[in-house]
Amino acid sequence: MASKTNTSSVRFSLTISIFLFLFIGAIFYTRFLRSSFDINSILTDTTVANSKQPQKKLEIQLNCTLGNLTKTCPASYYPSKFTHQNRSSLSTLPPTCPDYFRWIYDDLRPWGKTGITEEMLIRATSNAEFRLVIVNGRAYVETYRKSFQSRDTFTLWGILQMLRRYPGKVPNLDIIFNCGDPTVVQTEFYQRPKAPAPPPVFHYCSNDSSLDIAFPDWSFWGWTEINIRPWETMSKKLKKANEKKKWTDRERYAYWKGNLYVALSRKDLRKCNASEKQDTGARIYGQDWSQELKHGFKHSDLASQCIHRYKIYVEGQTWSVSEKYILACDSVTLLIKPQYYDFYSRGLMPMKHYWPIKDNDKCRSIKHAVDWGNTHEQEAQAIGRTANDFIQEQLKMDYVYDYMFHLLNEYSKLLKYKPTIPENAIELCSEAMACPAEGITKKFMLESMVEVPSDAIPCSMPPPFSPAEVHSILDTKENSIKQVDSWEQKYWKNKNEL
């Protein structure tokens, strides 16, 4: 009897075990089927999506109705936010920004401990052309005075295009902008005992004795007064011009053309012109812009000037807009020792991107550079090519907009107050500027207008320079200049002994 009972119990237990095994197996199998279905659905959807023709990018044209011909902004003129049409661009990491972006941290360091208050900005208005406030992606400007020529107009236009490129991504901020040549925030004054914190002023250039915050200049969107088209167009024209004449077939001398009367350093340069008495290896030409205007700018086309092995860069009253056009010519840039820098030029290195020229002995220095290049053709060509690559690749408009974006983003983090629209400010948008514009101003605005919000996010900011890295950069520059100086001394010693 006990044996039968035990047998029955064993059978019952075995039956229960088999049932549980089948039941649990069924659950796992069902889940596996569902998972497989979900994965296959995703893969199928992805394949179908990838097989479709790429979507046409959203273009947002100007809304030039009669209303905004009076310089007012439509109620809804541009999306405040943008959903990426190209989702794949979000799955890839953005490229790292060029190294010169790292100077942004240094430019903003004076306010790293104190932050930026509205009182600091108000103190700077006497040295400013305008105040720009961005609130919820919309721009408002308070004008204090008119700039020289169209500098303020195209600077503001450029900022509006950056907002169109990255709608909804630019934080609220409040900036003061100076459009003149001289720097305005002198370091020495704010190092005195009990001196107030320096006012943050955005400007086109700065130097080692000022605290102006370097920002892309107006010419990236066009310089109407001297018929220089927007940089997007000009950089392509210069690249095409470079292909017309190989470096070895170019004129074997150094070339410069510009306004000789804006600075002493330029008047001095005129002495370096080749003559019957001296062969300096240089050809210096004055540019009369009033005459150019009368004759339709027939003799000032920058792309047609890329026919020389060497081109000279010399500052004007401060830095000069001409630098990028000279560097983009595939010629060896003979860079007369500068006192100022713009937002990208700190990324240039002597003997890599340019040949350094003494500012106190220009003519002899130029002569040596030309003779050296004509006897070291491969090395000279490499310098010109590297500079051209830097300009075409690291100064393309994508990076100009990204520099603006990152600079303003880092700046906004320092604000100690919530930006509000000033009482005397007016709203600014592309419609308010371009719709009532006429002639070449309208032409350049339409040519440089951002029509499509960017599918890509801005480049990734590299970390700040460490003190050791800054020291290394400055040492490398100094050593390269010393090397050239020693070559030059030896060159002239040998010349004098002949």
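## Before you start

The model is predicted, so local features need pLDDT of at least 70 and side-chain atom pairs count only at pLDDT 80 or more, while totals for chains, interfaces and linings use all residues. Residues are numbered from 1 along each chain as its sequence is written, and side-chain values use heavy atoms, leaving out hydrogens and water.

## Helix H6 and its neighbours

Let us begin with helix H6, residues 231-242. Helices (H or I, at least four residues) and strands (E, at least two) are DSSP runs, numbered from the N terminus. H6 has twelve residues and reaches 16 Å from its first C-alpha to its last, close to the 16 Å expected at 1.5 Å a residue; the expected span is 1.5 Å times one less than the number of residues.

Among the buried residues of H6 are Trp231, Met234 and Leu238. Buried means under 20% relative accessible area, exposed over 50%, and partly exposed in between (1.4 Å probe, protein chains only). The buried residues of H6 pack against helices H9, H11, H12 and H14, where contact means heavy atoms within 4.5 Å.

## The nonpolar cores

A nonpolar core is a set of buried Ala, Val, Leu, Ile, Met, Phe, Trp, Tyr and Cys residues joined through side-chain atoms within 4.5 Å. The largest one has 100 residues, and Tyr100 and Trp231 have the most contacts inside it. H12 gives the most to this core, with ten residues. Apart from it lies another core of 23 residues, including Trp256 and Tyr310.

Glu323 is found in helix H9. Glu323 is buried yet has no salt bridge, and the nearest side chain of opposite charge, Lys324, is 8.4 Å away. A salt bridge is a side-chain nitrogen of Lys or Arg within 4 Å of a carboxyl oxygen of Asp or Glu; Lys and Arg count as positive and Asp and Glu as negative, with His and the chain ends not counted.

## Disulfides

The whole structure holds five disulfides, each a pair of cysteine sulfur atoms within 2.5 Å. In one of them, the sulfur atoms of Cys64 and Cys435 are 1.9 Å apart. This pair ties together parts that are 371 residues apart in sequence, because Cys64 lies in the loop between H1 and H2 and Cys435 in the loop between H13 and H14. Cys64 is partly exposed at 39% relative accessibility, whereas Cys435 is buried at 5%.

Cys306 and Cys329 form another disulfide, with sulfur atoms 1.8 Å apart.
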